[in-house]
Amino acid sequence: MRRFNHGYFFMEGFRSIFTHGLMSFAALCMIICCLLIMGSFSLVAVNLDNMWGRYEQQNEFLAFVEETYDDAQSRGLERQILAIPNVKSVKFESKGEAKIAFAEGKEENDLYNSLPDEVFRDRYHIKVDDLEQLTATVAQVEAVPGVADTSAAPKIAQGFVVVRNIASGVAIILVSILLLVSLFIITNTIKLATFNRREEIAIMKMCGATNSFVRWPFVFEGLIIGVTGALLSFFMQWGIYTLISRAITGSDTMRLITVLPFGGMAGNVLIVFLVTGFVIGVGGSVLAIRRFLQV
């Protein structure tokens, strides 16, 4: 393709958008909706993964030793607990250490300081590798002879898993549907363009225009719509994400939710949006012109 033809193809594609403005606008809106939904659910999944990682690193549960065990017997359970699959690390805490930790920050209250060590139990702080297997790991620790009880929150861990899986599943389903609808609208938009210019195309082919020369303006038309939709949706996504993150940060009831700054993800989001917009726009154009223009 000669260099000067790029400008011609671009201008022809741009002009064709306005000849059937309603269909072009509909295609643009569908691309924006598709990318916004895809981006929103993807950002939710990214933030959930970040929270999951932090929770996984900090998460631990307690295993309490039988009251009848002495210090040596209690410490002897460490090897058995470490041998359990999914156990990452084990830290022993004696009754005296548990008392000190409990009374920390309460030094002014003599009631806490006067508690005997026997009120507390020897315990193990246990961290796991995979939170999804927390319930099974807790059950195996409880089965160790000498472990009287455990303190864990498997429901919280399972809640993270469920929410993350739901967000990912819904995003995949909705994005798949909207991608198909967007391709359908882009394809019909280009079909309409070829129909409106059928006489012009016939004259161009009689004058010796190649199929490639005839096709490229329609490809550029789809490309312009796709890239424009990607850029618009990117800035809309940025604004929506910023508003929601500010609302969450300023809310006292959502202190446990941490939101990643959009700036750190902006580059990746923009690339994904541009690639998706390009695929939808150019892909829809190619599907349309392959059928309506003879090779």
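Residues are numbered from 1 along each chain as its sequence is written, and side-chain values use heavy atoms, without hydrogens or water. In this predicted model, local features need pLDDT of at least 70 and side-chain atom pairs count only at pLDDT 80 or more, while totals for chains, interfaces and linings use all residues.

The structure holds three salt bridges (a side-chain nitrogen of Lys or Arg within 4 Å of a carboxyl oxygen of Asp or Glu). In one of them, Arg123 pairs with Glu93, with the closest N and O atoms 3.8 Å apart. Arg123 lies in strand 3 and Glu93 in strand 2, so this pair ties together parts that are 30 residues apart in sequence (strands are DSSP runs of E, at least two residues, and helices runs of H or I, at least four, numbered from the N terminus). Arg123 is buried, at 14% relative accessibility, and Glu93 is buried too, at 13% (buried means under 20% relative accessible area, exposed over 50%, and partly exposed in between, with a 1.4 Å probe and protein chains only).

Glu67 forms a salt bridge with Arg121, where the closest N and O atoms are 3.4 Å apart. Glu67 sits in the loop between strand 1 and helix 3, and Arg121 in the loop between helix 6 and strand 3, so parts 54 residues apart in sequence are tied together. Here Glu67 is exposed, at 54%, whereas Arg121 is partly exposed, at 26%.

Arg75 and Asp71 also form a salt bridge, at 2.9 Å between the closest N and O atoms. Both lie in helix 3, four residues apart, about one turn of the helix.
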